[in-house]
Amino acid sequence: MTKPPNTQPLLTLDTFFPYRLRRTYAAMNRCLASVYEDQHGLSQAEWRVLAIIARDGQIRSRDIAIGATIDKVAVSRAVSRLEKKKLVERKPNKEDARSILLTLSHSGENLYNLLSSELLEVEAQFLKGFDKSEVTKLINMLMQIENNASADT
């Protein structure tokens, strides 16, 4: 007996959105790592932790994992390495004596400012040829895709 022809389209890897996004992410990550890792000796986790502390001013270590999409163990290790490099400081939490707040040291702020400038230059290369409204639309679409994916889990 012959099998009826498949009427559903077959997946084409090169145009499969998750595959295309993963390849894009990998290419962008290599370029970004050349700045934070190769030029400044930071791991991806360290860079993300540094950026989240800079954004928030001060934050509990356990709250970083949520914002950085990094597991708690990796956050803990990144914080320890950043402390050893004297980029992050621990301060008592006046609102909750059981927890500690992380802040950037003066050196951490300086490095973050330098990295921000350098990484924004790399981002500009990624987005070359797009106008501001297209970039805004792209960011919004990516956020919607992330929300859709999160809703399914």
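# A tour of ring pairs and salt bridges

Select Arg 90 to start: with a relative accessible area of 45%, Arg 90 is partly exposed. Keep in mind that this is a predicted model.

**Stop 1: the partner of Arg 90.** The side chains of Arg 90 and Glu 83 form a salt bridge, 2.8 Å from N to O. Glu 83 is partly exposed, at a relative accessible area of 25%.

**Stop 2: the wider count.** How many salt bridges are there by this rule? The count is seven. Next, select Arg 81 and Glu 46. Their side chains meet in another of these bridges, at 2.9 Å, N to O. Colour helix α4, residues 72–84, to find Arg 81. Glu 46 sits in helix α2. The pair therefore ties together parts that are 35 residues apart in sequence.

Is Glu 46 buried or exposed? Glu 46 is buried, with a relative accessible area of 2%. Arg 81 is partly exposed, at 33%.

**Stop 3: Asp 96 and Arg 98.** Select both residues. Their side chains meet in a salt bridge of 3.1 Å, N to O. Asp 96 has 17% relative accessibility, so Asp 96 counts as buried, the cut-off being under 20%. Arg 98 has 77%, so Arg 98 counts as exposed, which takes over 50%.

Salt bridges with shared partners join Glu 46, Arg 81 and Lys 85 into one network.

**Stop 4: the rings.** Leave the charged side chains and turn to the aromatic ones. The structure holds one aromatic pair. Select Trp 47 and Tyr 112 and show their rings. The ring centres are 5.8 Å apart. The planes stand at 15 degrees, so the pair is stacked; planes under 30 degrees apart count that way.

Bring the surface back for a last look. Trp 47 counts as buried, at 15% relative accessibility. Tyr 112 counts as partly exposed, at 22%.

**Before you close the viewer.**

Key
Residues numbered from 1 in each chain as written. Predicted model: local features only at pLDDT ≥ 70, side-chain atom pairs only at ≥ 80, totals over all residues. Heavy atoms only, no water. Phe/Tyr/Trp six-rings, centres within 6.5 Å; stacked < 30°, edge-to-face > 60°. Buried < 20%, exposed > 50% of the residue type's maximum accessible area, 1.4 Å probe, protein only. Salt bridge = Lys/Arg side-chain N within 4 Å of Asp/Glu carboxyl O. Helix = DSSP H or I, 4+ residues; strand = E, 2+ residues; numbered from the N terminus.
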